[in-house]
Amino acid sequence: MDYQLELDWNDFLANYWQKRPLLIKRGFKNFIDPISPDELAGLAMENEVDSRLVSHHEGRWDVKHGPFQSYDHLGENNWSILVQAVDHWHEPSAHLMRPFRSIPDWRMDDLMISFSVPGGGVGPHLDQYDVFIIQGTGRRRWRVGEKIAMKQHCPHPDLLQVEPFDAIIDDEMEPGDILYIPPGFPHEGYSLESSLNYSVGFRAPSSREMVSGFADYVLSRELGGRRYSDPDLKLREHPAKIEQHELDGLRNMMLDLVGNPEHFNNWLGEFISQSRHELDLAPPEPPYQAGEVHELLEAGETLQRLGGLKVLRIGDRCYVNGEAMITDQLAAVDALTRHTIVTQELLGEALDDPSFLALLAALVNSGYWYFND
């Protein structure tokens, strides 16, 4: 399915992105669900898939985590199944991510899909990331409040909510409608009838995540071995005091590591291209030989990128799922980053380079790309 998004991206980025929520009526015209409720329920029964069942009865909230064995015990009201990273496991659903590539790929996280019966939802809450919520089958009422300081509470250990709020958006969404919500705006959605919702979420790494990730990178490569030195040390009146120039020297030792473009760029490429959810990797058996990959592409076969795979470029180096793709064939690996489907024409003369062909075969044999047949 080729989903065409009705959105003026220049206006959206200037006036709404990370600024104000926006309801886009019929953002996808004649919307067709890429997945059925039964297929979604089936995914939630798989061990590798992250899923939740959220329900509420008489004011009491409950959260169960998958995989689930059965749904026979559920009633007809007030529950939702939520499945993370469906784009990793269901190729037709992954197509819903493509219309949002006007936002850089490195900012994109995953596609969460929920199925809710009447009254189903997760209650009023805040998110710390941007999200586009696409209404599929059924109708759902959504309310969004102003971005103000709000107290949060846990009606269940696995559920964080906010108190009721005044709405600046209050609407019933129908198939193809899209609601954009920036970070920090309280919102609440509940189904008016059995319905599917698709949430395109974006990644916003915290300073804590980045410091931790960079520290792991430094340790794994045994960087930062230089020790503090002070050959110009002088007597001081207060032996317990750390002088400002000493503080500056110690801080600069740390900043020099982060400030090294080679180290920082390589770490960031590995860090930000690493998927935060399991991938549906299926390495081919037997593995392809480089010559076979070449022959198939020459015969007109195309290579499809695995759903949810992060493929990014920083400078002249490209990264896939936490790994650098080392090659001199920049145009060819750039084609792998730009396109979800690659052909012989896109890879060009790089296919005559044995080292690039070996790299491409390794990527296919890792399950990152696969032949469409």
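Tutor: Let's begin with a definition: two strands pair if DSSP finds at least two bridges between them. Keep in mind that this is a predicted model.

Student: Okay, how many bridges join strand E2 to E3 here?

Tutor: In general, strands of a sheet pair through backbone hydrogen bonds, either parallel or antiparallel. Here, strand E2 (residues 51-57) is joined to E3 by 6 bridges, and the two run antiparallel. If you want a spot to look at, find His57, which stands opposite Arg60 in E3.

Student: And what is the strand order of the open sheet?

Tutor: The sheet has 8 strands, ordered E1-E11-E6-E13-E5-E4-E2-E3, with antiparallel pairing. Strand E1 (22-24) and strand E3 (60-65) are the edge strands, since each pairs on one side only. On average, neighbouring strands of this sheet are turned by 20 degrees against each other, direction ignored.

Student: Now the rings. How many aromatic pairs turn up in the whole structure?

Tutor: The general idea is that a pair of aromatic rings is described by the distance of the centres and the angle of the planes. A search of the whole structure gives 23 aromatic pairs. Take Phe132 and Phe202: their ring centres are 5.9 Å apart and their planes stand at 65 degrees, so this pair is edge-to-face. Phe132 sits in strand E6 (residues 131-135) and Phe202 in strand E13 (residues 195-202), so the pair ties together parts that are 70 residues apart in sequence.

Student: Are those two buried or exposed?

Tutor: Both Phe132 and Phe202 are buried. They also belong to a cluster linked by ring pairs, whose members include Trp9, Tyr16, Phe100 and Tyr198.

Student: Which kind of pair do Phe214 and Tyr217 form?

Tutor: That one is stacked, with 6.1 Å centre to centre and 20 degrees between the planes. Both residues lie in helix H4, 3 residues apart, about one turn of the helix.

Student: Then let's look at H4. Which of its residues are buried?

Tutor: Gly213, Phe214, Tyr217 and Val218 are buried in H4. They cover an arc of only 140 degrees around the axis, which puts them on the same side of H4. On the other side, Arg208, Val211, Leu219 and Ser220 are exposed.

Student: What do the buried residues of H4 pack against?

Tutor: They pack against helix H5 (244-259) and helix H6 (261-273). As for H4 itself (residues 207-220), its 14 residues reach 20 Å from first C-alpha to last, close to the 20 Å expected at 1.5 Å a residue. Just after H4, Glu222 takes a positive phi of about 55 degrees.

Technical notes: Residues numbered from 1 in each chain as written. Predicted model: local features only at pLDDT ≥ 70, side-chain atom pairs only at ≥ 80, totals over all residues. Heavy atoms only, no water. Helix = DSSP H or I, 4+ residues; strand = E, 2+ residues; numbered from the N terminus. Expected span 1.5 Å × (residues − 1). Buried < 20%, exposed > 50% of the residue type's maximum accessible area, 1.4 Å probe, protein only. Arc of directions from axis to C-beta. Contact = heavy atoms within 4.5 Å. Axes fitted to C-alpha atoms, helices over the stretch in contact; angles between N-to-C directions. Phe/Tyr/Trp six-rings, centres within 6.5 Å; stacked < 30°, edge-to-face > 60°.
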